[in-house]
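Work through the following exercises with the sequence and the structure in view, and try each task before reading its solution.

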Amino acid sequence: MYGRPIQVFTELKSINKDQHNFRTAKNEMATAKPAGFEIQENLQTNNSERQIHVTGIGELTQPPDRFSITVKCKSTKDNVQDAKNSITRRVDYIIQALKNYSLKPEDYRIFQHTSHVDDMVVVDCEIEAHFLDLNKCQNVSNLLAEKLGPSVSILLPHCYHARGSLDKLRKQVGMLAIHNARQKALEMARVLHLSVGPALQVQELETNEIQGTSRYIEDEPSLNPSIQQNVADATVTINSKVSVCFQLRHPKPKRS
């Protein structure tokens with residue numbers, strides 16, 4: 001009844017790969033695989049689990065895209081009406097100059113204040129104008145300074161970013177970092193004769209925002225350095241570092 005040799009274990013070498021380690025000591029030498037076989041078989045079995053982890057860095061710089069100037073004028077007279085008339089003539093000229101440069105009423109604001117100093121009436125007026133272009137902003141400023149002379153004072157352009165501009169830049173930097181990470185993964189996979197599949201995980205490791213640059217040259221003469229400094233101070237640089245895990249695949253065989 002029990003005289004038949006037991007061979008069931010020796011037959012297990014042909015079953016599912018997950019169970020190929022079940023061997024009898026008697027047949028170990030007969031079923032031994034060439035060196036490296038286990039590694040190759042594990043790679044084939046776990047092909048869907050192949051992954052590559054890489055980091056990517058993205059950096060973008062955004063100079064200011066909005067500019068404003070403030071024009072101040074002042075009138076001191078014996079009575080209120082004369083003071084107002086003096087201010088009105090200059091304000092009308094300033095507003096017309098702004099319209100000639102395509103500014104709309106929503107692009108500028110007028111602030112006026114009347115006060116008494118001793119027996120005199122003082123009327124102070126400020127006009128704040130906003131531009132999309134720095135050159136246009138400078139042209140208007142120079143024109144008013146030339147035509148109105150010392151009766152007005154004009155501050156240097158104030159530089160800033162439009163609402164939502166920096167939020168858009170942050171998103172672009174994040175996308176650039178992911179793109180750079182994928183490019184790195186593609187180059188590494190090419191060396192391994194593999195292809196890159198979809199991203200399995202994306203994690204932002206760090207992000208930094210720096211306002212101001214070192215492009216300003218202090219020794220340069222004239223008014224331009226001060227304007228350049230304002231532009232440089234308002235320039236924002238954002239960088240982001242991400243970690244991305246991609247799936248690795250065997251490249252598809254080329255059709256003959």
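**Exercise 1.** Decide whether S141 is buried or exposed, and describe its surroundings in this predicted model.

*Solution.* Begin with the relative accessibility of S141, which is 13%. Buried means under 20% relative accessible area, and therefore S141 counts as buried at its 13%. Next, locate the residue along the chain: S141 sits in helix α3, which covers residues 134-148. Finally, look for its partners, leaving aside the neighbours within four places in sequence; S141 is then in contact with I69 and I154.

**Exercise 2.** Describe the largest pocket by its space and by the classes of the residues in its lining.

*Solution.* Start with the space, which comes to about 190 Å³ for the largest pocket. Then find the residues that line this pocket, among them R66, Y101, D107, H130, K136 and Y160. Sorting the lining by class gives 5 nonpolar, 2 polar and 4 charged residues.

**Exercise 3.** Work out how many helices and strands the protein chain has, and in which order its elements run.

*Solution.* Counting the elements gives 5 helices and 8 strands in the protein chain. Reading from the N terminus on, the order is α-β-β-α-β-β-α-β-β-α-β-α-β.

**Exercise 4.** Find what share of the residues in the protein chain is buried, and what share of its accessible surface belongs to carbon and sulfur atoms.

*Solution.* Of the 256 residues in the protein chain, 30% are buried.

Definitions and conventions: Residues are numbered from 1 along each chain as its sequence is written. This is a predicted model: local features need pLDDT of at least 70, side-chain atom pairs count only at pLDDT 80 or more; totals for chains, interfaces and linings use all residues. Side-chain values use heavy atoms; hydrogens and water are left out. Buried means under 20% relative accessible area, exposed over 50%, partly exposed in between (1.4 Å probe, protein chains only). Contact means heavy atoms within 4.5 Å. On a 1 Å grid over the protein atoms alone, a cavity is a set of points where a 1.4 Å probe fits but cannot get out, and a pocket is an open set with protein on both sides within 12 Å along at least five of seven lines; lining residues have an atom within 4 Å of a point. Grid points are joined across faces, edges and corners, and a volume is the space filled by probe spheres set on the points. Ala, Val, Leu, Ile, Met, Phe, Trp, Tyr, Cys and Pro count as nonpolar, Asp, Glu, Lys and Arg as charged, and the others, Gly among them, as polar. Helices (H or I, at least four residues) and strands (E, at least two) are DSSP runs, numbered from the N terminus. Accessible areas come from the Shrake-Rupley method with a 1.4 Å probe; for residues, only the protein chains shown count as cover.
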